[in-house]
Amino acid sequence: MNVNKILERIEDNGFEAYIVGGYVRDFILGIESTDIDICTNAKVKEILDIFSDINVSSNEYGAVKMITNNAKIDITTYRRDLRYNGSRRKVEMEYVDNLIDDIQRRDFTMNTLCMSKEGNIIDVLGGKQDIEDKIVRCVGDINERINEDPLRMLRAVRFATVLGFKIEENLYEELKKNKELLEALSMERIKEELTKILIHKNAIKGLDYLRRLGFLPYLGIE
């Protein structure tokens, strides 16, 4: 079952469904991706019922997972994240019926784009323009976003590195001011992001960002 058939089946059961995030970003950039996120107003039990004939599973965060046509697909209910602790295990979250609320909780504008099964792109926060301008820009209040999850600080550097983008000036300054927040991250989470930066052909650019932002002493590198 391809992704459009998955969207169609969810819609045929009376719900909304869109591809969201990195897959849409990579589609615009002409990058092939096999990780697909779908957001919907269907709840987990409803999603499991819709795909009862397919091998799917759900996890503690309410994501329904399936593998089809060599693609890994996560289906999540629209949600609003209310509060985190330092490890980013959600302390408080609520499901919502509104796609816009779900989009506004995300990290960077380039990851807020949604795509319908017809291929129409929904761009509420100017993510497409930021992709065209090669800018990593934060969604909403920058300080709130990085305090919610300090891993976003490393993700900003990783996206700038692997996509050849520039970190938007206000985000850059907030990253620099809040570098101590990296201490809240586990080494496992740090290693995952650092590996993606350091194995990329633009690793020197990534290291330069990490150095100029003052991140290195907090990452066990210096």
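Residues 24 or more positions apart account for 65% of the contacts in the protein with a separation of 6 or more, where a contact means heavy atoms within 4.5 Å. The model is predicted, so that local features need pLDDT of at least 70 and side-chain atom pairs count only at pLDDT 80 or more, while totals for chains, interfaces and linings use all residues. Residues are numbered from 1 along each chain as its sequence is written, and side-chain values use heavy atoms, with hydrogens and water left out.

**Overall form**

- The protein holds 10 helices and 11 strands, which are DSSP runs numbered from the N terminus (helices H or I, at least four residues; strands E, at least two).
- Along its principal axes the C-alpha trace spans about 55 × 35 × 30 Å.

**Surface and burial**

- Of the 222 residues, 46% count as buried (buried is under 20% relative accessible area, exposed over 50%, partly exposed in between, with a 1.4 Å probe and protein chains only).
- The protein exposes about 11100 Å², of which carbon and sulfur atoms supply 45%, with areas from the Shrake-Rupley method and a 1.4 Å probe.

**Charges and salt bridges**

- There are 34 positive and 40 negative side chains, and the centres of the two sets lie 4 Å apart; Lys and Arg count as positive and Asp and Glu as negative, without His and the chain ends, and each charge is placed at NZ of Lys, CZ of Arg, CG of Asp or CD of Glu.
- The count comes to 23 salt bridges, each a side-chain nitrogen of Lys or Arg within 4 Å of a carboxyl oxygen of Asp or Glu.
- Lys-72 and Asp-35 form a salt bridge with their closest N and O atoms 3.6 Å apart, and this pair links strand 5 (residues 71-77) to strand 2 (residues 35-40) across 37 residues; Lys-72 is partly exposed at 49%, as is Asp-35 at 42%.
- Glu-193 and Arg-158 form a salt bridge at 2.8 Å between the closest N and O atoms, joining helix 9 (residues 187-198) to helix 7 (residues 151-163) across 35 residues, and both residues are buried.
- Asp-208 and Arg-211 meet in a salt bridge of 2.5 Å, N to O; the two are three residues apart in helix 10 (residues 203-212), and therefore separated by about one helical turn.
- Glu-144, Arg-145, Glu-148 and Arg-152 are linked in a network of salt bridges.
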